[in-house]
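Please consider the model displayed here before turning to the dialogue.

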Amino acid sequence: MKMNNKMSAYPYLSVIILFAGFGSLVGGVIAELALLFVFRNADFAQIGYQPLLYVGLLGFIPALLTGVIVAYKNIWRGDHKSLSTTFLVGFITSAGYMGAIILYLGINSWIEVGVLLAFMIAIGLFGAINSAIASRIALPKVCKSHFDVSTKKVDDNYNGLSFTKR
């Protein structure tokens with residue numbers, strides 16, 4: 001990506017911000033649509049904006065962690081393993097975040113451990129799907145010529161067409 005005649009290989013900050021924003025937003029919208037699907041006779045006014053708000057706020061931290069890890073790994077959108085990697089990272093961060101919340105609340109019996117482990121896996125899959133959807137929006141595209149994008153770019157000092165300047 002060329003900005004101000006300087007070449008930067010990967011837009012770290014924009015990937016992190018877009019993952020945090022779109023990841024939590026996508027999760028809230030999916031939760032809202034799931035509730036509308038389950039309660040088919042209800043409309044949006046009856047269910048309200050609470051699922052969108054709560055799932056969005058609760059999902060902000062794992063989405064932010066997913067964005068940081070994806071940006072650290074320099075994952076590009078058209079890469080051959082980008083979707084599977086973001087899916088796996090989203091699963092791990094969401095399930096880990098839910099596990100931390102569960103440990104904070106405390107566990108009293110082995111039956112609760114099984115139920116909470118199943119709940120962690122379900123939340124992990126939900127976060128993985130959100131991460132895969134957000135990766136289609138937030139990740140930068142790989143170059144279409146399929147050259148290696150990890151090599152250092154060379155700046156050619158191109159400033160535009162000379163006859164278009166005044």
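Visitor: What pattern does the protein chain follow, read along the sequence?
Guide: This is a predicted model in which local features need pLDDT of at least 70 and side-chain atom pairs count only at pLDDT 80 or more, while totals for chains, interfaces and linings use all residues. Residues are numbered from 1 along each chain as its sequence is written, and side-chain values use heavy atoms, with hydrogens and water left out. The chain has 6 helices and 2 strands, taken as DSSP runs numbered from the N terminus (helices H or I, at least four residues; strands E, at least two). In sequence order the pattern is β-β-α-α-α-α-α-α.

Visitor: How much of the protein chain counts as buried?
Guide: Buried means under 20% relative accessible area, exposed over 50%, and partly exposed in between (1.4 Å probe, protein chains only). Of the 166 residues in the protein chain, the buried part is 30%.

Visitor: Which share of the contacts with a separation of 6 or more comes from residues 24 or more positions apart?
Guide: A contact here means heavy atoms within 4.5 Å. Among contacts in the protein chain with a separation of 6 or more, residues 24 or more positions apart account for 77%.

Visitor: How far does α1 reach from its first C-alpha to its last?
Guide: The expected span of a helix is 1.5 Å times one less than its number of residues. For α1, with 27 residues, the expected value is 39 Å, and the helix comes close to it with a reach of 38 Å.

Visitor: How are α1 and α6 oriented to each other, and what is the hand of their crossing?
Guide: Helix α1 (residues 12-38) and α6 pack at an angle of about 130°, with their axes 8 Å apart; axes are lines fitted to C-alpha atoms, for helices over the stretch in contact, and angles run from 0 to 180 degrees between N-to-C directions. Angles under 35 degrees count as roughly parallel, over 145 as roughly antiparallel, 65 to 115 as roughly perpendicular and the rest as oblique. The two helices, α1 and α6, are therefore oblique to each other. A crossing is left-handed if the near helix is turned anticlockwise from the far one by less than a right angle, and right-handed if clockwise; α1 passes α6 in a crossing that is right-handed.

Visitor: Which residues does Ser135 touch, not counting residues up to four places away in sequence?
Guide: Ser135 lies in helix α6 and counts as buried, because its relative accessibility is 1%. Its C-alpha is separated by 8.5 Å from that of Gly23, 112 residues apart along the chain. With residues up to four places away set aside, Ser135 touches Phe19, Arg77, Leu83 and Thr86.

Visitor: How are α5 and α6 oriented to each other?
Guide: Helix α5 (residues 82-105) and helix α6 (residues 110-138) pack with their axes 7 Å apart. Their crossing is right-handed. The angle is about 140°, and α5 and α6 are therefore oblique.

Visitor: Which residues is Thr93 in contact with, leaving aside its neighbours within four places in sequence?
Guide: Thr93 lies in helix α5 and is buried, with a relative accessible area of 10%. Beyond those neighbours, its contacts are Pro62, Leu65, Thr66 and Ile69.

Visitor: What is the value of phi at Asn74?
Guide: Asn74 is found in the loop between α4 and α5. Its relative accessibility is 31%, so Asn74 counts as partly exposed. Its phi is positive in a residue other than glycine, with a value near 55°.
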